[in-house]
Amino acid sequence: MEFSVGHLAALTRLSLDEEEKKRLESDLAGILAYVDQLREVDTDDGEEVTRVRLNSLARQVAPEINRLREDVLPSSSGDEPAKEVAILRSGFPEEEEGYLRVPLVINKK
Amino acid sequence: MEYKFTIQTAHELLATKKISCCELINAYLDQIKKQDSDIHAFLDVYEEESFTHAHMIDEKIQRGETIGMLEGMPIAVKDNILIKGKRATAGSRILEHYVASYDATVIAKLKQAGAIFLGKTNMDEFAMGSSTEHSAFGPTKNPRDTTRVPGGSSGGSAAAVAAGECAAALGSDTGGSIRQPAAFCGIVGLKPTYGAVSRYGLIAMASSLDQIGPMGRTVADTKILFESIRGHDPLDATTKRESLTSFNFHIDQTPKLKIGIPKEYLGEGLDEGMRKAFEEAGRFFKNEGFEVKDVSLPHTPSALAVYYLIMPAEASTNLARYEGVRFGTRARPPEAFGRAPHHNLAELYTATRGEGFGREVKSRIVLGAFVLSHGYYDAYYVKAQKVRSLITQDFFNAFQDVDIIMTPATPTPAFRFGEKMDDPLAMYLSDVYTVTANLAGIPALSVPLKNNDLLPKGLQLMARPFHEDDLFALGNFYEHH
């Protein structure tokens with residue numbers, strides 16, 4: 001199994017220093033070697049078989065499919081809007097005059 | 001003052017006015033003051049609000065009104081469950097100052113029932129860990145032996161109950177995070193059937209595995225807490241619609257459930273003292289007239305590998321939302337370090353997440369991304385889901401024959417601090433008996449094994465989906481004999 005911790009860290013937006021990178025490489029090599037044992041398990045690899053099997057197991061547990069609720073707010077949705085917004089605003093990492101401050105989104109390069 | 005009340009005892013004392021709610025809350029807050037600077041079960045304690053609430057309950061009792069079983073009961077809450085207006089860190093720096101903007105459904109239900117929240121408990125960061133050593137805010141100690149871990153990731157909740165710092169607690173379980181700390185600390189913990197308890201307001205780790213569950217000193221207490229938090233929730237489409245039955249069982253009316261012991265759980269890796277205590281339990285049930293037989297769950301050896309492919313994949317997706325833009329800790333501006341400002345959002349994300357996440361979290365995010373990536377998705381993630389269905393099928397086959405599957409909860413009792421921090425696989429192996437219930441979605445209970453050693457050991461009982469009452473009945477029987 002080929003994998004590059006550097007590449008994956010970039011994909012998942014994680015900064016890693018050299019020490020972290022090395023340790024992750026060795027930790028993950030160990031874990032991947034361990035999970036490789038699944039290769040040996042016979043899963044009767046037809047996709048149709050799996051889908052049918054998963055569906056029938058799911059039905060034993062929860063015989064409902066796609067039961068959705070109406071897309072409306074619950075009737076008592078808590079405090080007045082001003083209070084709710086105040087809580088959300090209190091969590092802004094950086095704010096300016098009540099607005100959320102973020103770095104430049106579009107890079108004019 | 002005595003503090004290790006069960007919910008039932010405390011309720012009776014309140015209802016008969018033998019103690020006031022303020023006295024009750026004070027007893028627990030006293031315990032916290034005396035011990036928690038050492039044990040460190042709590043991250044936040046709500047002293048003032050608890051007393052305010054307790055006063056209101058006392059006034060209600062004075063007026064002659066009846067109170068519910070959980071009214072005035074001091075409950076501790078794991079810090080990945082949201083209480084509106086209160087900090088929720090999930091044990092991570094990236095949420096160090098995050099204040100929840102809504103209540104989890106379980107919290108709303110407990111508020112309705114009049115429970116008092118004493119505070120938030122410590123946990124492994126984003127529930128990733130089996131010892132609470134991965135908390136960004138320092139570890140929690142096992143009250144039964146403070147040189148040892150309380151287990152994880154609900155280590156704070158388990159320690160709080162075991163140390164008499166609350167009447168009962170809420171935890172969460174994705175691969176054993178309620179049952180394993182319950183076993184290590186000598187208390188009772190339930191992972192409900194997937195879909196029995198709403199996950200709305202639970203900081204998500206692995207969405208097909210997570211469940212919130214109760215932890216208490218006795219089986220009866222655990223059942224009381226479970227019944228008040230379970231139920232269908234329109235805000236969580238994975239909760240079951242039908243109402244669940246409940247009965248008040250009496251010991252003499254314990255149904256003669258058939259018990260199966262899967263041989264795959266008794267192989268190497270199981271500590272000798274644990275094996276002996278477990279075999280004792282098997283003999284105990286036989287002597288009491290229960291049918292105890294061998295069963296087989298042949299795909300058990302693959303379970304940990306399946307878990308460590310599916311869980312990181314789901315977790316890495318769920319943790320993508322932590323970028324420091326709208327909420328949470330944002331990376332300090334590089335200008336502060338004399339460097340050029342972040343050029344773009346990607347740099348901000350990378351710096352924020354790099355600083356805010358701990359080592360174990362980064363490891364699982366990277367692993368998760370890998371198993372989902374192009375070229376590897378089929379060999380790893382899809383393969384794991386297929387084997388998962390085989391594991392689930394094993395359980396359903398066994399439940400044709402038996403009502404309860406009984407195993408040790410963990411391969412060893414609580415280990416010492418630092419013992420398993422060098423090799424992640426060693427840490428993961430402490431979940432080897434618990435991950436299967438999450439993969440199959442079935443309920444599982446950990447109760448203290450009768451044993452003569454000072455170190456607690458846990459007995460795990462598993463049952464068919466939505467048959468938590470079978471677990472409570474058998475667990476209660478074991479507890480009282």
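Which side chains meet in a salt bridge at 2.8 Å, N to O? They are those of A:Glu94 and B:Arg330. Keep in mind as you look around that this is a predicted model.

**Where the chains meet**

On one side, 52 residues of chain A take part, and they touch 59 residues of chain B. Together the chains bury about 5,200 Å², with 66% of that area on carbon and sulfur atoms. By the rule used here, three salt bridges cross the interface of chain A and chain B. The tally of residue pairs in polar contact between chain A and chain B, both at pLDDT 80 or more, comes to ten.

On the chain A side, the elements that give two or more residues are helix H2 (18–35), helix H3 (47–61) and helix H4 (81–90). Of these, H2(A) contributes the most, with ten residues. Sorted by class, the side of chain A that touches chain B holds 26 nonpolar, nine polar and 17 charged residues.

**Aromatic rings**

Over all chains, the whole structure has 21 aromatic pairs.

| Ring pair | Distance between centres | Angle between planes | Arrangement |
|---|---|---|---|
| B:Phe284 and B:Phe477 | 6.1 Å | 50° | tilted |
| B:Tyr307 and B:Tyr308 | 5.0 Å | 90° | edge-to-face |

Elsewhere, ring pairs join B:Tyr98, B:Phe126, B:Tyr322, B:Phe327 and B:Phe357 into a cluster.

**Two loop residues in chain B**

Is B:Glu71 buried or exposed? With a relative accessibility of 11%, B:Glu71 counts as buried, because the cut-off for that class is under 20%. You will find B:Glu71 in the loop between helix H3 (47–62) and strand S2 (74–78) of chain B. Apart from neighbours within four places in sequence, B:Glu71 is in contact with B:Leu14, B:Ile57, B:Lys60, B:Thr66, B:Ala113 and B:Gly114.

B:Gln400 belongs to the loop between helix H12 (378–398) and strand S9 (404–408) of chain B. At 66% relative accessibility, B:Gln400 counts as exposed. The side chain of B:Gln400 reaches the backbone oxygen of B:Phe396 at 3.2 Å. For a sense of scale, B:Gln400 and B:Lys18 lie 49 Å apart in space, C-alpha to C-alpha, and 382 residues apart in sequence.

**Backbone features to look at**

Most residues other than glycine have a negative phi, and most peptide bonds are trans.

The peptide bond from B:Gly152 to B:Ser153 is cis, with omega near 10°. B:Ser153 lies in the loop between strand S3 (116–121) and helix H5 (155–162) of chain B. The loop between S3 and H5 of chain B also holds B:Ala127, which has a positive phi of about 65° although it is not a glycine. B:Ala127 is buried, with a relative accessible area of 5%.

B:Phe466, another residue other than glycine, has a positive phi near 65°. Its place is the loop between strand S11 (458–463) and H15 of chain B. B:Phe466 counts as buried, at 18% relative accessibility.

Methods: Residues numbered from 1 in each chain as written. Chains lettered and ligands numbered in written order. Predicted model: local features only at pLDDT ≥ 70, side-chain atom pairs only at ≥ 80, totals over all residues. Heavy atoms only, no water. Contact = heavy atoms within 4.5 Å. Buried area = accessible area lost by both parts, 1.4 Å probe. Salt bridge = Lys/Arg side-chain N within 4 Å of Asp/Glu carboxyl O. Polar contact = N/O pair within 3.5 Å; in protein donor to acceptor, adjacent residues only side chain to side chain. Helix = DSSP H or I, 4+ residues; strand = E, 2+ residues; numbered from the N terminus. Nonpolar A, V, L, I, M, F, W, Y, C, P; charged D, E, K, R; others polar. Buried < 20%, exposed > 50% of the residue type's maximum accessible area, 1.4 Å probe, protein only. Phe/Tyr/Trp six-rings, centres within 6.5 Å; stacked < 30°, edge-to-face > 60°.
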